[in-house]
Every structure is written in structure tokens, then in C-alpha cells.
Amino acid sequence: MTPDPSCTELLERVSEYLDQELDHDTCRAIEAHCRHCVGCAALIAGLRETIGLCRAATLRPLPESVRAKARTQIDELLGRGRTAE
Amino acid sequence: MTDRANPHLLNEPSERADYAGLVRAAAAGSREAMEQLLMRAQEVAFRFSLLVCGHADDAEDVMQDALLKTYRYVDRIRDPDAFRTWLYRTVRNACLMKRRRRVGEPAALVSLEQGGVADSGEPTAIDVVDSAKGPDDLAINDWIGERLRNALMRLTPSLRVVVVLREMEGLSTREVAEITGISEANVKTRLHRARVLLRQQLEDL
């Protein structure tokens, strides 16, 4: 049984926990700690939310104006053929 | 424990294989594959120059640079699986060159990987946010979210590059280490620090 981590220990390992890089027992110990520690539970929830926000942001397609410029540049390059750069 | 990449982007094995497949097909003469590859290269260039370097007005030049280098490089690449890290390194270098050329930039530039974080973990310098000015900025803020964009720009470059590559681009710790030239342990340390600071910034904004 992994002992209950302190808040400091949890803070040090929270990223590994969120990235699922810790062993099962350590994960369970962190979760048990968070059941009675409001601060650490809030920290983990806040970091999860932050990570989710980052990941969601780049799932959206780029603005159409940017994509249009990219397409124009590609068309120009491919239109010129391989020898012209 | 193995390093796990973000599950939502191009880092899944099938997606990486897809990247490598595009490189092989483009090198073999497929125009369609080349077009898809070039579009991806430009998207990477745009996101990186905007989110890491913070200068929306540099993005077009960086995109052009990524486009030309990808076009030239595809025929010569020996390991298609290495294309993706090559692309990010290329874009990163193009961004650094742009920063060095910018008028009014401090004489002693801090690279994207160096400095900017004191031993205490507190940032020692903050990049100036390139606030919305150009015609594309409203669209950009709508895309990324102005609050997140501003919070990212309050991180030091050395933290920002890690959080963008890892969380937003979906690269693995190993790939981020290869691109930035720092150790995997250092990537993890910076990622943790960046996440905590980013959360604080988002709460403050």
C-alpha cells in the first residue's frame, strides 16, 4: 500500500499523474489524498481544465483567411514546378 | 513507464504513419500527397509562430519558409518517420531568425529554450504580447481564444515552447526533447511548471 502523499509530494508528481505515467498504486494514493484534501483536488481539476483548454484550442481548423493564404502559396509553388524555387 | 503523447492529435501511431506515408508518396511524385504535406507544414508553421513566438505578423513569412523547405526536403529525406520533428525544428529555427531580425528586439536575445526562468521557478522575463492589431487578429483570437492566447504569452519562451509542443501540438516528451535540444527530464519539469503557471494566468485573466 503506497502511503498517503503529502501535498508537496503530490504537487511534484501531479503532471506525471495527469499524463498517466505513474503506477497504479501511486495513482490510487493520490486519488485517496484528494478525497480529503480540497486544495489538491482543486489543483488537479484546474490543471485538467487547463490541459483540456489547450488541447481543444488546436483541434479547431485554422481561420479561413490563414488557410486561404496557405492554399495560395501552395498553388504558386506547385504551379511553378519542381525546378523553380 | 512509457511516454504517452496527447491522444487527440497527430501523435497516435496511425497518424504518425500517415505523416510518413505522405512523405513517401510525395517523394514518389504524388501531387496530392505533396499538397497535403505542404498544408500541414504551413499549419504547423502558423500555429508555432503565433503561439510560441507570439508574433502573428511573422506567421506568413514562417509559413513560406516551411513551405519551401518542406518542398525541397521531401525528396531527400531518408527516414520519413523523422519528418515531423524535422518540420518543427525547421519552423522553430525560422521563428528564431525572424525574432533576431525584428526591429527593436533586445540586442541579447534569449533563445526559445534558454533562460527566462529563475531557479525559484518564477519567470524572469515576459515576452511582450503581440496584441490584436492586424486584420486577421480577430479571426485568430476567435480560433485560439484571446484569454488562452494572452495566458500563453505571459509564460517565458522556454516554458511556452514546451507546453505548446506537448499539449497543443500533441508531440511526445521525446519529440519535444529532440526539437528543443533539452533532456526529456527537463521537458517534463518545464511542462509541469508551465501547466501550473498557465492555470494561474488563466485564473487571473
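In the predicted model, B:T173, B:E175, B:V176, B:A177, B:I179 and B:T180 of α8(B) are buried, a residue being buried if 20 or more other C-beta atoms, placed from the backbone, lie within 10 Å of its own. Residues are numbered from 1 along each chain as its sequence is written, and chains are lettered from A in the order in which they are written. Local features need pLDDT of at least 70, whereas totals for chains and interfaces use all residues.

Colleague: How many of the eight residues of α8 in chain B are buried?

Modeller: Helices are DSSP runs (H or I, at least four residues), numbered from the N terminus, and α8 of chain B spans residues 173-180. What covers its buried residues includes α4 (83-101), α7 (157-168) and α9 (184-204) of chain B. The helix is mostly covered, the number of buried residues being six.

Colleague: Which elements give two or more residues to the side of chain A that touches chain B?

Modeller: With contact taken as C-beta atoms, placed from the backbone, within 7 Å, 26 residues of chain A are in contact with 38 residues of chain B. The elements of chain A that give two or more residues to this side are α3 (38-57) and α4 (64-80).

Colleague: What is the mean pLDDT of chain B?

Modeller: The pLDDT, which is the predictor's confidence in each residue from 0 to 100, reaches 70 or more for 74% of the residues of chain B. Over residues 1-13 of chain B the value is below 50, as it is over residues 113-132. Where pLDDT is low, the predicted coordinates should not be read in detail. The mean for chain B is 78.

Methods
Predicted model: local features only at pLDDT ≥ 70, side-chain atom pairs only at ≥ 80, totals over all residues. Buried ≥ 20, exposed ≤ 12 C-beta atoms within 10 Å, placed from the backbone. Contact = placed C-beta atoms within 7 Å.
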